[in-house]
Amino acid sequence: MAHARGASGDELVAFAHACWNEPEREFQYVGVDVLSANVARLESRHLADIEELVTTKSWWDTVDGLAAWCVGGLVRVDRTLNSEMDRWIDSDDVWLARSAILHQLRWGAGTDADRLFDYALRRAGDSEFFIRKAIGWALRQYARVDPEAVRAFVTTHEFSGLTRREALRHL
C-alpha cells in the first residue's frame with residue numbers, strides 16, 4: 001500500500017482492475033483496501049469503474065467494502081452522484097442494489113435519512129437475503145444517530161424478519 005500513496009485516481013483504479021483480473025480472491029481484497037485507503041484521490045467519474053468492480057466477481061465481502069468506503073466516499077463529496085444511486089437501487093443486479101443501500105453506512109449524522117428510508121421501502125419486498133440483510137444493517141447503523149426514527153420506521157412498515165431483527169438489534 002505504500003506504493004499507492006503517490007498514485008493518481010486513474011492509477012488506483014487500474015491497479016484495482018488488475019487485482020480483479022487475478023484468479024485468487026485475495027487480490028480483490030487488496031484492490032478494495034487500496035481504493036478504500038485512497039478514496040480521496042478518486043474522482044466522480046471513477047464511480048463507473050467502481051460499478052464495474054461491484055458487478056464483476058461479486059460477493060458480499062468485496063462489494064461491502066466498495067459500497068461503504070468508495071461509493072459512499074464519492075457520493076458524499078459529489079451529491080450529483082445520488083442519481084446513480086437512484087439507478088442502482090432499482091437494478092436487477094443484487095450487488096448494485098446492495099451498494100446503493102449501504103453507500104451511506106459510514107456517514108453517521110450526515111446520512112440522508114429520507115433516501116435511506118426510501119431505498120429500504122423500495123427493496124423491502126425483495127426475497128434476496130443480501131438485500132434484506134443490507135437494509136437491516138443500514139438501518140441499524142443509522143439507529144446510532146436517530147434510534148427513535150429507525151424504530152418508528154421499522155415498526156410502521158412491512159419488512160422481513162431478518163431486516164427487522166438486524167435493524168432493531170441494538171434498540
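This is a predicted model: local features need pLDDT of at least 70, side-chain atom pairs count only at pLDDT 80 or more; totals for chains, interfaces and linings use all residues.
Colleague: Which residues of helix α5 are buried, and within what arc do they fall?

Modeller: Helix α5 spans residues 82-89, and its buried residues are Asn82, Met85, Trp88 and Ile89. An α-helix has 3.6 residues a turn, so residues three or four places apart point the same way. Seen down the axis of α5, the buried residues line one face of the helix, because they fall within an arc of 110 degrees.

Colleague: Against which helices do the buried residues of α5 pack?

Modeller: The buried residues are Asn82, Met85, Trp88 and Ile89, and they line one face of α5. The helices that this set of residues packs against are α3 (47-54), α4 (60-77), α6 (94-102) and α7 (113-122).

Colleague: Is α1 roughly parallel or roughly antiparallel to α3?

Modeller: Helix α1, residues 9-20, packs with α3 at an angle of about 10 degrees, and the two axes are 11 Å apart. Since angles under 35 degrees count as roughly parallel, the answer for α1 and α3 is roughly parallel.

Colleague: How many residues of each class does the contact of α1 with α3 have?

Modeller: From α1 the contact draws on Val13, Ala16, His17 and Trp20, while α3 supplies Asp49, Glu52 and Leu53. Divided by class, the residues in this contact are four nonpolar, one polar and two charged.

Colleague: How are α7 and α8 oriented, and what is the hand of their crossing?

Modeller: The axes of α7 and helix α8, which covers residues 129-143, come within 10 Å and cross at roughly 155 degrees. An angle over 145 degrees counts as roughly antiparallel, so that α7 is roughly antiparallel to α8. As for the hand, the crossing in which α7 passes α8 is left-handed.

Colleague: How many nonpolar residues does the contact of α7 with α8 have?

Modeller: The contact is formed by Ala113, Leu116, Phe117 and Ala120 on the α7 side, and by Ile135, Ala138, Leu139 and Tyr142 on the α8 side. The contact has no polar and no charged residues, and its nonpolar residues number eight.

Colleague: What is the hand of the crossing of α8 and α10?

Modeller: The axes of α8 and helix α10 (residues 161-168) come within 7 Å and cross at roughly 25 degrees, and the two helices are therefore roughly parallel to each other. On the α10 side the contact is made by Leu162, Thr163, Glu166 and Ala167, and on the α8 side the residues include Phe129, Arg132 and Ile135. By class, the residues of this contact divide into six nonpolar, two polar and four charged. The hand of the crossing of α8 and α10 is right-handed.

Colleague: What is the phi of Lys57?

Modeller: Lys57 is found in the loop between α3 and α4, where it is partly exposed, with a relative accessible area of 36%. Most residues other than glycine have a negative phi. Lys57 is not a glycine, yet its phi is positive, at about 50 degrees.

Colleague: Is Arg115 buried or exposed, and which residues does Arg115 touch?

Modeller: Arg115 lies in helix α7, and because its relative accessible area is 17%, Arg115 is buried. Not counting residues up to four places away in sequence, the residues that Arg115 touches are Asn82, Asp86, His103 and Gln104.

Conventions. Residues are numbered from 1 along each chain as its sequence is written. Side-chain values use heavy atoms; hydrogens and water are left out. Buried means under 20% relative accessible area, exposed over 50%, partly exposed in between (1.4 Å probe, protein chains only). Helices (H or I, at least four residues) and strands (E, at least two) are DSSP runs, numbered from the N terminus. The arc is that of the directions from the helix axis to the C-beta atoms. Contact means heavy atoms within 4.5 Å. Axes are lines fitted to C-alpha atoms, for helices over the stretch in contact, and angles run from 0 to 180 degrees between N-to-C directions. Angles under 35 degrees count as roughly parallel, over 145 as roughly antiparallel, 65 to 115 as roughly perpendicular and the rest as oblique. Ala, Val, Leu, Ile, Met, Phe, Trp, Tyr, Cys and Pro count as nonpolar, Asp, Glu, Lys and Arg as charged, and the others, Gly among them, as polar. A crossing is left-handed if the near helix is turned anticlockwise from the far one by less than a right angle, and right-handed if clockwise.
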